[in-house]
Amino acid sequence: MKKWRFDFRIWHWVNAAVVLGLLGTVFLRETLLNFKMTKEVVIQKLSELNIEATSVQIKALTKAITSPLWEWHIILGYALTALLVWRIALFFTQSGQQSFLHFKEATLHKKIVKIGYAGIYMTLLFMAVSGLMLEFHKELGLSNTLNESLEELHDLFYNVILIFVPLHLIGVIIAEIKDEKGIISDMVHGGTQN
């Protein structure tokens, strides 16, 4: 019998791609496609071409350049929400419970890892719910103050994921090298139940 079911493995890798995509859109939005920096490039290029534009036109051009990236962030946010619903359903399978089985018998290190996974699932759930609330704030009738506070929390929790991803990768590599040989390949081909 396989340790990790096919549907759980698919979920894992699709979730990894979506989370990395979400992180990537934020990274690009904060760096290369930053609104302020992009606006300066638009102003400079228009000036080089001897084209005069109003501030409204410049803002519209800048938004046209940066908006598609944010649209991808929103689409990936919907995908994350769907993946979290799928993960909740998977929790009721043996593979889905694998990370949380035998908690009392686990070493302190394994307990910390299991708690970390529970924490990241809760963080992802918060990110998905808060992202949906931000996207539909008008429909939900959220005040501007509440919306701004929610956006600040959403940004704060983003940092948790930003820290988790490299820690997860480093932890898996160390586990593969030290005492859990095959942990990476098991998530590819399923492994065998002990």
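Helix α5 covers residues 108-135, 28 residues in all. At 1.5 Å a residue it should span 40 Å, and its end C-alpha atoms are 40 Å apart, which agrees. The expected span is 1.5 Å times one less than the number of residues. Helices here are DSSP runs (H or I, at least four residues), as strands are (E, at least two), numbered from the N terminus.

This is a predicted model, where local features need pLDDT of at least 70, side-chain atom pairs count only at pLDDT 80 or more, and totals for chains, interfaces and linings use all residues. Residues are numbered from 1 along each chain as its sequence is written, and side-chain values use heavy atoms, without hydrogens and water. The mean pLDDT (the predictor's confidence in each residue, from 0 to 100) of the chain is 89.

Which residues of α5 are buried? Among them are Lys-114, Ile-120, Tyr-121, Leu-124 and Met-127. Buried means under 20% relative accessible area, exposed over 50%, partly exposed in between (1.4 Å probe, protein chains only). Their cover includes α1 (6-30), α3 (55-90), α6 (137-140) and α7 (144-177).

Take Thr-123, also in α5. Thr-123 is buried, with a relative accessible area of 8%. Leaving aside neighbours within four places in sequence, Thr-123 is in contact (heavy atoms within 4.5 Å) with Phe-157, Val-160 and Ile-161.

Now the whole chain. The protein chain has eight helices and zero strands. Its C-alpha trace spans about 70 × 40 × 30 Å along the principal axes. Buried residues make up 29% of the 194.
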